[in-house]
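Dear colleague,

Please find the structure below, handed over for your records. My notes on helix packing and aromatic pairs follow it.

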Amino acid sequence: MDMRVLLISALLGFVSYVRAKTDSNICISVDAKTCGECIQTGPQCVWCKDPDFKPSRCDEKESLQKAGCSPLGIENPRGTVTIDKNKAVTNRKMEGGENLRPEDITQIQPQKFTLNLRSDEPQKFTLTFKRVEDHPIDLYFLMDLSDSMRINLENVKNLGADLAREMRYITKDLRIGFGSFLEKLAMPFILMTPKYLQNPCFPNDCTAPFSYKNVLSLTNDSTLFTQEVSKQKTSGNLDSPEAGFDAIMQAAVCTKEIGWRNVTRLLVFSTDAGFHLAGDGKLGGIVRPNDGKCHLSNNMYTMSNYFDYPTISQLVDTLNDNNIQTIFAVTEQFRALYQELSALIPKSTVGTLSTSSTNVIQLIIDSYNSLSEEVILENSNLPDGVSISYVSHCKDGVSRTGESGRTCTNISIGDEVKFDIEITAKGCPSNGKSKTITIKPLGSNEEVEVVLNFICECECHKDGIPNSPSCLGFGALECGVCRCNDGRLGRLCECSEDEVQKDDLDANCRVDNGTEVCSNNGECVCGTCECKKRDNPEERYSGRFCECDNFSCDRSNNKLCGGHGRCECRRCICEPDYTGSACDCPLDTSTCLASNKRICNGRGTCECGKCKCTDPKFEGPTCEICPTCPRICSEHKDCVECLQFGMGIKKHTCEKECKNFTPLKVVNSKDELPRSDDQTNIDLCKERDVDDCWFYFTYTTNKDDNDKIEVQVAEKKECPSGPDIIPIVAGVVAGIVLIGLALLLIWKLLMIIHDRREFAKFEKEKMNARWDTGENPIYKSAVTTVVNPKYEGK
């Protein structure tokens, strides 16, 4: 068993080795001119900076070492990860549970990294998130004040003190605020008559319509909240959807006016209606897209009639950028609509609005717990060519990748979860400068700063010698090669663009003024083509325009030039005995010889060692098969039979129909008939005559006259002997008798078996019979027996 495993392992190793050798070597194929170009090709590519190194300088490390590059001459910079800020996550128990300032609470660790990225080489790091107890909360209650929300407004008036009391189990630092919204002041959303603008609920008492107003900025005074909300009145509008998106946008971006802190931010959105989307403003002649900026004056939104409603994507970006988590408290009628909206807004949830203030408080508490139990990581926009991936390690012990790798759920207070993050760069930015991205949990004010430095040049680039004599003074000697100054070309910067225009240089490298420079197989340097090198050193481009190669010729049997020639400038030069575009056509005709030693049986031509039959009746590898032709022996049978034996169907017309036969030569038996040799092709025939006897003869065509047929025939025939009647009759009779006896024996055996079964059945029934042997009590015998007591039997 061990030997078999060893053999399989060796086979797999050999296959891997062969595959590695046959795969394209990207390090060589890119034909990098500088060390920077080389290391950006892939993490496996390294550069040899030795001055006298002749082979390709950009290759895999092992290949360069085998080619003679010194260990100190190899440039192979690698990416790194450095932790710059690593403040531990907050542990309330270790810190005595004292109240901390919001800026002193840490839920994610580390806080800053610096990554040195090399092209296609991933760099990994791990983030730890811990849900901290008693985190400060800012809660802003945004309410629809259309007249249908009158009952809900009464409940919210008593919300402040009750909410502060119930939320003390979650946080000791709670601030609450209040804002309201209705609709844009334009037809057809609002009736614009003066009477309606003063009291849209006439004859009931309502406040004048408005778009959005900030009633109370965030405060920790629950009594003030109750007082300000108590002053509010409902209003009215014409259509059912409201300007909720306008209100959310202003509440999110007006950070200073609302009083948002860098803590957990909750926005409770309460309504019993739908919402207007971007584009609905056109109904009122409002066509300018929402600019996503704060436009509050005296706590009123002043640009509602100037800017259209925001788009959903604008809301998503704005809420995420401002770390706001949204709770939609809506009536059951519109719950499904807001569920669809919540699915588009990360860190948002939906609850059913009740007429009871207690239920509203419970909805807020439950929604907060639901949002806090989930952490979703999000990163800022990535630079071009940079990708990021996440792997989450949550409480259930399962590692998740893809979009699920950004998320962990069911996180309780004090729980820690980890995220493995991998960042990969493809190439270098155009300016090569550092970039900074951020990673943060959605809804949190904390973020991780990641500085990205791109490895675009080798260390030896810093040691370059400007205007080096090795580069004829026209370029810097960097990493063993010349980096030419502007206006200079060539491996040693020997060519000047001023002396020969670049267009002229390229023209000298094109075939017949075509569009391809050096046939796309090289570079034009100073008007001369320098051909590319191939991974396989035996393969090469050649020619003035690199138009030739020794590996693109036709193949046969998966061999270049069929293995019978050499490839020169994409054409096969065949060996003397072969021809054809792939040297797959042998000139030798020995494979076309038929059994009669004639080429293709005289009925075809030999092409590329194979017969091409010219007579349509014949086929086969040597044109000897004629499926539609009668057999030659059968054709001559009747003439031989009549000439030799005076029998057959031609015995009366023999002289007329068989006149092309020469006089027959007769031998005694078939063993004396001649056999075919190298000089003469003789066919041996065996045919049956009218008496059912076999006779034998040979024939051949006269060498001097093809119309004359020479035949030799055996005088003795082979006739089958007649059947022996007596043994046949005796065998038939004996067979009938034996079959009869066998049938009788079988019948007798079956009867014996049947009789024995019946007798056994009888015996069984007999044994089962039970006879009553008791005396009849009525019967009295007439015989009385008296015994003499004195009788002693003597």
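**Helix packing and aromatic pairs**

Helix α6 (residues 159-167) and helix α8 pack with their axes 7 Å apart, at an angle of about 150 degrees. Axes are lines fitted to C-alpha atoms, for helices over the stretch in contact, and angles run from 0 to 180 degrees between N-to-C directions. The two helices, α6 and α8, are therefore roughly antiparallel (over 145 degrees; under 35 counts as roughly parallel, 65 to 115 as roughly perpendicular and the rest as oblique).

This is a predicted model, in which local features need pLDDT of at least 70 and side-chain atom pairs count only at pLDDT 80 or more, while totals for chains, interfaces and linings use all residues. Residues are numbered from 1 along each chain as its sequence is written, and side-chain values use heavy atoms, with hydrogens and water left out. Helices (H or I, at least four residues) and strands (E, at least two) are DSSP runs, numbered from the N terminus.

In the contact (heavy atoms within 4.5 Å), Leu159, Gly160, Ala161 and Ala164 of α6 meet Ser222, Phe225 and Thr226 of α8. By class, these residues are 4 nonpolar, 3 polar and no charged (Ala, Val, Leu, Ile, Met, Phe, Trp, Tyr, Cys and Pro count as nonpolar, Asp, Glu, Lys and Arg as charged, and the others, Gly among them, as polar).

Phe225 of α8 (residues 222-230) also pairs with Phe178 of strand β9, and the pair ties together parts that are 47 residues apart in sequence. Their ring centres are 6.1 Å apart and their planes lie at 80 degrees, so the pair is edge-to-face (rings of Phe, Tyr and Trp, the last by its six-membered ring, pair if their centres lie within 6.5 Å; planes under 30 degrees apart count as stacked, over 60 as edge-to-face and the rest as tilted). Both Phe178 and Phe225 are buried (under 20% relative accessible area; exposed is over 50%, partly exposed in between, with a 1.4 Å probe and protein chains only).

The structure holds 15 aromatic pairs. One of them, Phe141 with Phe178, is stacked, at 6.2 Å centre to centre and 10 degrees between the planes. Phe141 lies in strand β8 (residues 137-144) and Phe178 in strand β9 (residues 174-181), so this pair joins parts 37 residues apart in sequence. The relative accessible area is 1% for Phe141 and 0% for Phe178.

Yours sincerely
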